[in-house]
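Reader: I've got a model open on my screen and I'd like to learn how to read it. Could you walk me through a few features?

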Amino acid sequence: MKKLTLHLIVNSQAGAGNAKKIYNISKDYLNKKNIEFIPYFTEYAGHEKKITRYLLKKILVDWQPNIDNFPLLVVLGGDGTLHEVINILQNHPNIPIGYIPGGSGNDFARAVSLSRKTEVALERLTSITQPTTIKVMEAHFKETNETRLILNNIGVGLDANIVTTANHSKSKKFLNQLRLGSLTYLAAVFKVLHKQEAFPISFKTDTHYHSFERAYLCSITNHPYFGGGVAIDPTASPYEDEISVVLIEKVNIFKILYLAVKILSKKHLTSKYVHHFKSRQLEITSSTDQFGQTDGEIIGKEPYHVKCHLTNHLFWL
Ligand SMILES: Nc1ncnc2c1ncn2[C@@H]1O[C@H](COP(=O)(O)OP(=O)(O)OP(=O)(O)O)[C@@H](O)[C@H]1O
């Protein structure tokens with residue numbers, strides 16, 4: 001393969017600022033290996049979208065193996081930055097995306113077995129010669145008439161409530177500065193574990209209709225991980241053709257704690273309080289106001305009517 005030029009979108013605030021260090025390691029590595037790269041630093045939340053739009057207009061092209069200095073888009077940040085970038089490329093599945101994990105959770109990196117050790121990730125990025133197809137979820141939200149690509153998962157209920165509570169926590173910034181950001185999440189877990197109420201939700205799959213009256217946590221996922229490495233569906237894979245649903249019913253606090261232990265040991269799917277199914281197409285109806293999240297980004301507290309299927313996107317992985 002001919003040489004690459006990397007167009008590197010850097011969210012140096014990701015991973016509570018750790019991404020800045022990861023950028024410095026990457027810069028040294030790429031300079032040492034004589035690999036051409038151009039960094040674009042985000043200056044505010046959402047800036048990665050503007051940068052991607054600019055690159056799409058001026059520089060990026062669909063994958064072609066024989067171009068000299070192929071302009072490869074690379075994201076350095078966390079799942080949220082990657083989510084925003086791929087959504088600008090919704091209609092360009094053949095523009096490959098490279099990735100250097102720099103977030104706090106890095107669930108997508110875990111799902112595609114991409115090392116969170118920067119030099120190992122860079123070694124892989126610079127040694128492969130062609131892109132790989134990854135399945136991502138394409139979700140249409142009826143209420144907002146919006147279509148989003150989702151790399152990790154959609155969450156309704158507890159997990160979205162935890163993310164919302166953590167993001168609004170007064171101590172988050174302070175704990176992040178001390179590199180203790182995960183304490184914010186732990187505190188949020190304890191705060192909402194009891195507060196999250198049971199809610200009704202239903203799913204239309206390729207073959208069945210499932211309806212639940214007492215949902216507590218509902219994860220619609222493309223791969224095993226959520227929440228920074230918790231394997232909510234150990235059987236899911238971003239290389240397969242089906243979307244997974246894991247739904248946990250609201251039970252008493254002792255059973256919830258027992259289920260949490262089971263989740264950590266990946267043995268929860270057989271519990272009678274856990275419902276697990278897969279489908280190529282999925283229609284989700286949650287008619288009460290519930291917290292929702294997509295790839296760790298809050299989408300509000302509202303009813304959801306979402307239609308999902310999988311679609312291909314090229315990644316440089
Ligand atoms: N310069 C910036 N300052 C503040 N926020 C930014 C900046 N650049 C991007 N963002 C926003 O930061 C948000 C979160 O970033 P991201 O998810 O990549 O990091 P993370 O939360 O540390 O990682 P992870 O999701 O893997 O835990 C994104 O919504 C993105 O829009």
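**Burial, helix packing and the ligand shell**

Author: Let's begin with α6, where L158, D159, A160, N161, I162, V163, T165 and A166 are buried. A residue is buried if 20 or more other C-beta atoms lie within 10 Å of its own, exposed if 12 or fewer, and partly exposed in between, with C-beta atoms placed from the backbone. Helices (H or I, at least four residues) and strands (E, at least two) are DSSP runs, numbered from the N terminus.

Reader: What kind of model is this, and how are residues numbered?

Author: This is a predicted model, where local features need pLDDT of at least 70, side-chain atom pairs count only at pLDDT 80 or more, and totals for chains, interfaces and linings use all residues. Residues are numbered from 1 along each chain as its sequence is written.

Reader: Back to α6, then. How many of its residues are buried?

Author: Eight of the ten residues of α6 (158–167) are buried, so the helix is mostly covered. Take A166: it counts as buried because it has 23 C-beta neighbours inside 10 Å. From C-alpha to C-alpha, A166 is 14 Å from K195, and the two are 29 residues apart in sequence.

Reader: How do I read a positive phi?

Author: Most residues other than glycine have a negative phi. Here N34, which is not a glycine, has a positive phi of about 60°. N34 belongs to the loop between α1 (18–32) and β2 (36–41), and it counts as exposed because it has 7 C-beta neighbours inside 10 Å. K266 also isn't glycine, and its phi is positive, near 55°. You'll find K266 in the loop between α9 (253–264) and β13 (274–279). With 14 C-beta neighbours inside 10 Å, K266 is partly exposed.

Reader: And how do I describe two helices that pack?

Author: Two packed helices are described by the angle between their axes and the distance between the axes. Axes are lines fitted to C-alpha atoms, for helices over the stretch in contact, and angles run from 0 to 180 degrees between N-to-C directions. For α2 and α3, the angle is about 35° and the axes are 9 Å apart. Two residues are in contact if their C-beta atoms, placed from the backbone, lie within 7 Å. On the α2 side you have E48, K49, T52, R53 and L56, which meet T81, E84, V85 and I88 of α3. Sorted by class, the residues of this contact are three nonpolar, two polar and four charged. Ala, Val, Leu, Ile, Met, Phe, Trp, Tyr, Cys and Pro count as nonpolar, Asp, Glu, Lys and Arg as charged, and the others, Gly among them, as polar.

Reader: Which helices supply at least two residues each of the shell around the ligand?

Author: Those are α2 (47–58) and α3 (79–88). The largest share, four residues, comes from α3. A residue is near a molecule or strand if its C-beta atom, placed from the backbone, lies within 6 Å of it. There are 23 residues around the ligand, and T42, G78, G80, G103 and G105 come nearest.

Reader: How does that shell split by class?

Author: The shell has three nonpolar, 15 polar and five charged residues.
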